[in-house]
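Hi,

Here is the structure I said I'd pass on.

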Amino acid sequence: MFTDDSATTWYMVFLSVLSMGLALSTLGLVYRWGQQVPHWVPLLGRRSIPARPVVLVALIGGSLLVAICLYLLLNSMFHVVDRGWVGIGRDEPAHPAPGWEVLRYYAPLVAWGPLVIAVAVDYGRRALRRSPKPPPTIKRFASGTGPEMTQTS
C-alpha cells in the first residue's frame with residue numbers, strides 16, 4: 001500500500017522519466033539513429049523508420065507544447081482559471097503562484113514547442129529527399145502511336 005508520500009515520490013519519478021524520454025526522442029529527429037532502428041534491437045534491427053508517423057507525432061507534440069504555453073500565458077494574464085486541479089493527495093492545499101525566481105528556470109521551455117515543430121518539418125524534408133519517387137518511364141506502343149509517359153509505383 002502506498003502512502004501519500006510514496007505516491008508523490010513515484011509520481012515525480014514517473015514524470016521525470018517521461019519528460020526525459022520524450023526530450024531524448026526529439027533528438028532522433030536530428031541524428032541518424034532516428035531514421036533507422038538500431039542493429040541490436042531483435043527482429044526490427046536495421047529497418048528504416050517510416051517518416052510520416054514520426055513527423056505526425058512530432059508535430060502533434062510540438063503543437064501541444066505551444067498550446068500549453070499559450071494557455072499558461074493567457075491564464076496568467078486574464079485569470080481564466082484561478083486554481084487548477086492539484087492531482088496529488090485529496091486535500092492538498094492551494095499553493096501560491098511561483099514568482100520569477102522559479103519561473104526564470106522554466107522560461108526557456110517556451111521555445112521547445114516551436115523548435116520541435118521546426119525540426120519535425122526539417123526531418124520530413126530530409127526523409128522525402130532520402131526516398132524520392134521513381135522517375136517516369138517511357139512506354140512505346142506496338143501500334144506506333146508514340147510514347148506515353150507513365151509513373152511507376
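Of the contacts in the chain (heavy atoms within 4.5 Å) with a separation of 6 or more, 46% are between residues 24 or more positions apart. Keep in mind that this is a predicted model, with local features needing pLDDT of at least 70, side-chain atom pairs counting only at pLDDT 80 or more, and totals for chains, interfaces and linings using all residues. Numbering starts from 1 along each chain as its sequence is written, and side-chain values use heavy atoms, with hydrogens and water left out.

The chain has 4 helices and 2 strands, which are DSSP runs numbered from the N terminus (helices: H or I, at least four residues; strands: E, at least two). Their order from the N terminus is α-α-α-α-β-β. Of the 153 residues, 12% are buried, where buried means under 20% relative accessible area and exposed over 50%, with partly exposed in between (1.4 Å probe, protein chains only).

Now the core. The largest nonpolar core has 8 residues: Leu29, Ala51, Val55, Ala58, Val116, Ala120, Tyr123 and Ala127. By that I mean buried Ala, Val, Leu, Ile, Met, Phe, Trp, Tyr and Cys residues joined through side-chain atoms within 4.5 Å. Helix 2 (51–78) and helix 4 (112–130) are the elements that give it two or more residues, and helix 4 gives the most, with 4. Leaving aside residues up to four places away in sequence, Val55 touches Ala120, Tyr123 and Gly124.

Last, the second largest pocket. Its lining has 14 residues, with Ala51, Arg52, Gly124, Ala127 and Leu128 nearest the centre. Helix 2 and helix 4 are the elements that give two or more residues to this lining, and the largest share, 7 residues, comes from helix 4. For the method, a pocket is an open set of points on a 1 Å grid over the protein atoms alone, where a 1.4 Å probe fits, with protein on both sides within 12 Å along at least five of seven lines; lining residues have an atom within 4 Å of a point.

Cheers
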